[in-house]
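This report covers two chains. It goes from domains to the chain interface, then to a sheet and its helices.

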Amino acid sequence: MNAPTYNFAYLDEQTKRMIRRAILKAIAIPGYQVPFASREMPMPYGWGTGGVQVTAAILGPDDVLKVIDQGSDDTTNAISIRKFFGKTAGVATTTSTTDATVIQTRHRIPEASLHAGQVLVYQVPIPEPLRFLEPRETETRRMHALAEYGLMHVKLYEDIARFGHIATAYAYPVKVNARYVMDPSPTPKFDNPKMDNCAALQLFGAGREKRIYAIPPYTTVVSLDFEDHPFTRYRFNAPCALCGADNSYLDEIVTDDKGGRMFVCSDTDFCEQRQAAGHHGTESAAPHKEKAHV
Amino acid sequence: MSELSSLENDEPLLLAEGLAKNYGRLAACRDVSFALYPGEVLAIVGESGSGKSTLLQLLSAQLAPSAGQVSYRMRDGVLRNLAELGEAERRFLFRTDWGFVHQDPAQGLRMGVSAGANVGERLMAVGWNHYGRIRDTASTWLERVEIDTGRIDDAPKTYSGGMRQRLQIARNLVTEPRLVFMDEPTGGLDVSVQARLLDLMRNLVSELGLAAIVVTHDLAVARLLSHRVMVMKGGRVIETGLTDQVLDDPREPYTQLLVSSILPP
């Protein structure tokens, strides 16, 4: 084999030290976006370069890594990042939420509750919650510094004025530790309550935007809302077609070109565990048979 | 507001002392001192380049003066030097107790969000957290500035120039400021729209007992709105006095020129 030998977890030790310093600062100031010298990674921006760098910086030889993309362990992005660390760090990988010590995620928080000692690493495309309202970085930083967050409510106001309810369904702004307003990355707002008072450490890495932020364990995270339009979770009103769960976040899967669709858990690990425990949905009773088209 | 006690009126709201601003060798503004009292409207007139806008920026703490200082009587009655306020305090003052009406409404409004949100932003910034109440207050203010409340959900980019300017005024007045700065508020509007806007502003100013500092090159605006006039030339205040006194009986040759350069009606 003539492949080059990589340093443990791909990044060199100096870079990892730099990222760890940013992470420590982020943990010390919950919700504050810490700038860091993001590196080029062997993957395109938008594929999780921020999350990968955070994972690389915190990974140790004894860690067990799980990677999910939209809740799923078996999509391209999840598999390639898992393989990447399997190869460059030689760490054990898993799909089980409870067995993992480090979970890198894109767009979801696992259904199974996280426990103390775990680290959840989010891939973040746009870390600045005020960005689409205030394009100037100098101004948004000042607004964070002075806790001027009226503008965030302007966005929610616009939602209600236009749609009659707060229509923001993902990247729903939260206030961390009663101080910083934070973008929870594009997770569905269904997951927002899971961030509050969570036992696990939550780290957020934005590679292109060069920002790291964090929510330490057991920190209050409040979703912003109005008194007369309180925050609500949203899920499709259906049980999972595979495991019958009626409390998990669902993906809608189009099954044919005649309007057929089914709803299944977005968290594949959660769904599989439930099926293994004997829960069944409408579609899982028998192996799929080819449907004859009329 | 007639109920203002004479004691309050005796104490200036804003005090400028020896204000100067130099850009290198260029003195944009020199040795300007005056006091503005609650409920008083002061017009600053002069030709382009006379230092009016620089002075307005100095007074509203957007520029740091090269010399001199500006003090403002806060709501608690204490006169404070603006240069000594922290940035948080200054910004808070700016979006609660002060208003700033820009000549170009695009600078003072968020052109992409609805009129209701534009008016409500200041309320949300001071902690209002009830959608219904914010919206009611916003529509009341749209009515007061004569904007059809049916357009509350339209963005100002769909508004005409005159409507934008009225919306900007509503957005500034919603927190009931005590002092409003206006930079050429009627610039760029056609004559009939100007007249309507001036009428509206005059009513609002007297209803709310606002103090205002209006920068304008249009003497008609000064005559209609202001109680007092300051004439500027080359960065200096060359004449100051009651509006009708200065405009009807100008003392300085430059002011005489300025007044006589208006076509008689």
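How far apart do the C-alpha centres of domain 1 of chain A and domain 2 of chain A lie? They lie 26 Å apart. This is a predicted model: local features need pLDDT of at least 70, side-chain atom pairs count only at pLDDT 80 or more, and totals for chains, interfaces and linings use all residues. Residues are numbered from 1 along each chain as its sequence is written, while chains are lettered from A and ligands numbered from 1 in the order in which they are written.

**Domains of chain A**

Domain 1 of chain A spans 13–223 and domain 2 spans 235–284. These bounds come from an automatic or database domain assignment. Two residues are in contact if their C-beta atoms, placed from the backbone, lie within 7 Å. The contact between the domains takes 14 residues from domain 1 of chain A and eight residues from domain 2 of chain A.

**Chain interface**

Chain B gives 17 residues to the contact with chain A, and chain A gives 15 residues. On the chain B side, helix H3 (87–96), helix H5 (115–125) and helix H6 (131–144) each give two or more residues. Helices (H or I, at least four residues) and strands (E, at least two) are DSSP runs, numbered from the N terminus. H5(B) supplies the largest share of that side, six residues.

Ala, Val, Leu, Ile, Met, Phe, Trp, Tyr, Cys and Pro count as nonpolar, Asp, Glu, Lys and Arg as charged, and the others, Gly among them, as polar.

| H5(B) with H7(B) | four residues | one residue | two residues |

**Sheet and helices of chain B**

Chain B has an open sheet of six strands, in the order S6-S7-S8-S3-S9-S10, with mixed pairing. Two strands pair if DSSP finds at least two bridges between them. The edge strands are S6 (98–101) and S10 (236–242) of chain B. S6(B) and S7(B) (residues 179–183) run parallel, joined by four bridges. Phe100(B) has Phe181(B) in S7(B) as its bridge partner.

H5(B) and H7(B) pack at an angle of about 30 degrees, with axes 7 Å apart. Axes are lines fitted to C-alpha atoms, for helices over the stretch in contact, and angles run from 0 to 180 degrees between N-to-C directions. The pair is therefore roughly parallel (angles under 35 degrees). Ala115(B), Asn118(B), Val119(B) and Arg122(B) in H5(B) meet Leu167(B), Ala170(B) and Arg171(B) in H7(B).

Definitions and conventions: Parallel < 35°, antiparallel > 145°, perpendicular 65-115°, else oblique.
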